[in-house]
Amino acid sequence: MHPNHALPSLWQNQVADAIRNPAELLDLLALPAKLLPQAIAVSQQFPLRVPRVYVNRMKKGDQYDPLLLQVLPLAAEAQTSAGFKTDPVGDLTAQSTPGLIHKYHGRVLLVVTGACAIHCRYCFRRHFPYSQSNPLANNWQKAQQYIESNPDIKEIILSGGDPLSLSDNRLAQIIRQLEQIPQLKTLRLHTRLPVVIPERINPALLTCLQDSRFKIVMVIHVNHSNELDKMVKTALTALHAAKVTLLNQSVLLKGINDNVTTLKILSEALFNCQVLPYYLHQLDKVSGAAHFEVSDTHACQLLTNLQQQLPGYLVPKLVREQAGALSKLPLY
Ligand SMILES: *Cc1c(COP(=O)(O)O)cnc(C)c1O
Ligand code: SF4
C-alpha cells in the first residue's frame, strides 16, 4: 500500500472517535441531565470535542472537575461581556501573509491547520476563520518569501489549531520544506496533543523530529496536574529522550487552577514529566470566556505565593497577550 494511503493510526482513530455529543459526555460522567440543554445550545457556536482518553482522567459525578470545566459548554458562554471580543489578540490584523503571523522580533507563527483534537472553551481562537487563513493551501510561496525578506527571523512556530493534528507525512513534508530556508534555526510546536492524546507521540513523529536539523522546542499546554497521567508521562519522556526541549504554558482559569496549591502541584508534576513551566497566561478576552477570568490582583498574589513555595525554575512567567505589543506583557 502507498504510504499516503496508509490506514489511520491509533491516534487518528482517537481523534475521529472524540466525544462530540453533549448527552454522551454527561452520560459517561454520570452528570445531571439539567446541564444538557445549555450544553446543546452553546455547542452550536463552538462544538464540543473531547477525546475519550482525556475524559477518562475526569472524576465521575463531579460537575466541577477541572478537566471537565475546560471542555463542557455552559450557559455562561452565551453572555456577552464588556471588553471581550472575537479576535482579542489581534491575530487577524497581524497576518503578514495568509496564516503567517509576525508579531514579535525574530520569530513567526505559521497556522498550519485549523483542527484541534479537543475544543477548549476559553480558547482565544474559537472565532478564528481558519479556512481563510491556511497558508499551505496555495500561499506557501508567499510565506516563504516573507521569511526570506526578513533575515532576522530565526524561529518558526507551528501553531493552529494544533499542528500535531496533521498526519506524520504532512508534518514531515512541512518540516523538510522549512529546513530549506537556511536562516531558520529553531522549530517550535505549540500543541496540546501530547497531553490530550499521548498516543500521538508515535515512533514516526519521534524519528521526524530527531532527524531534523532544527533545534526543536515543544510548548505543551496543561492547565491542571490531573491532565498528566502515566501515558502522558511516557509520551513526554520519549520526546525528552529525542532531544526536544519541553515547556508548558497554562491559562489561569477561574475554578480550574486559580489557587496556589493547584499551580504548585502542576509545576511539580510537569517537572516530573521533563517539562519546565514557561508561561502562565492571563486569559485572552475572547467572547464567551468571561466566566473564566481571574483578576490581575489575584493573579499577582498567586505568583507571589508560588515564588515562596517553589524553586525559581518551576515558577512560570505571568503574562498577558496584548494586541500590538512587542512581546507578551509581564504582569509580575
Ligand atoms: C506567543 C506568540 C509567539 C511566541 O512568543 P514567545 O514569547 O517567544 O513565546 C510568537 N508569535 C505569536 C504571534 C505569538 O502569539
Ligand atoms: S488551539 Fe489549543 S486551546 Fe484552542 S481549542 Fe485548540 S487545543 Fe484548545
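Strands S2 and S3 form a hairpin with 2 residues between them, and Gly106 in the turn has a positive phi of about 85°. Strands here are DSSP runs of type E with at least two residues, helices are runs of type H or I with at least four residues, and both are numbered from the N terminus. The model is predicted, so local features need pLDDT of at least 70 and side-chain atom pairs count only at pLDDT 80 or more, while totals for chains, interfaces and linings use all residues. Residues are numbered from 1 along each chain as its sequence is written, chains are lettered from A and ligands numbered from 1 in the order in which they are written, and side-chain values use heavy atoms, with hydrogens and water left out.

S2 (residues 100–104) and S3 (residues 107–111) pair in the antiparallel sense over 3 bridges. Two strands count as paired if DSSP finds at least two bridges between them. Leu100 stands opposite Leu110 in S3.

Gln95 has Ile101 of S2 as its bridge partner. S1 and S2 also make a hairpin with 2 residues between the strands, and in this hairpin Gly99 takes a positive phi near 85°.

How many of the 5 residues of S2 are buried? The count is 4, and the strand is mostly covered. Buried means under 20% relative accessible area, exposed means over 50%, and partly exposed lies in between, with a 1.4 Å probe and protein chains only.

S1, S2 and S3 belong to an open sheet of 10 strands, in the order S1-S2-S3-S4-S5-S6-S7-S8-S9-S10, with mixed pairing. S1 and strand S10 (329–330) stand at the edges with a single partner strand each, so one side of each has no neighbour in the sheet. Thr186 has Lys215 in S6 as its bridge partner.

## The two ligands

Ligand 1 has around it Ile101, Lys103, Tyr104, Arg107, Leu109, Ile157, Arg188, Tyr278, Tyr279, Glu321 and Lys328. A residue is listed around a ligand if one of its heavy atoms lies within 4 Å of the ligand.

| Side chain (N or O atom) | Distance to an oxygen atom of ligand 1 |
|---|---|
| Arg107 | 2.6 Å |
| Tyr278 | 2.7 Å |
| Glu321 | 3.2 Å |

Ligand 2 is surrounded by Cys116, Ile118, Cys120, Cys123, Arg192 and His221. This shell divides into 4 nonpolar residues, 1 polar and 1 charged. In this scheme Ala, Val, Leu, Ile, Met, Phe, Trp, Tyr, Cys and Pro are nonpolar, Asp, Glu, Lys and Arg are charged, and the others, Gly among them, are polar.

## Residues in the loops

His119 is found in the loop between S3 and helix H6 (140–148). His119 counts as buried because its relative accessibility is 12%. A polar atom of the His119 side chain lies 2.8 Å from the backbone oxygen of Pro47.

Gly161 is in the loop between strand S4 (155–159) and helix H7 (168–179). A cis peptide bond joins Gly160 and Gly161, with omega about 15°.

Lys243 lies in the loop between helix H10 (230–241) and strand S7 (245–251). Lys243 is not a glycine, yet has a positive phi of about 70°. Is Lys243 buried or exposed? Lys243 is exposed, with a relative accessible area of 70%.

Gln274 lies in the loop between helix H11 (260–272) and S8. Its phi is near 75°, a positive value in a residue other than glycine. Gln274 is partly exposed, with a relative accessible area of 32%.

Ser287 is in the loop between strand S8 (276–281) and helix H12 (296–309). Ser287 is partly exposed, as its relative accessible area is 22%. Ser287 and Ile19 are 268 residues apart along the chain, and their C-alpha atoms are separated by 24 Å.

Technical notes:
Polar contact = N/O pair within 3.5 Å; in protein donor to acceptor, adjacent residues only side chain to side chain.
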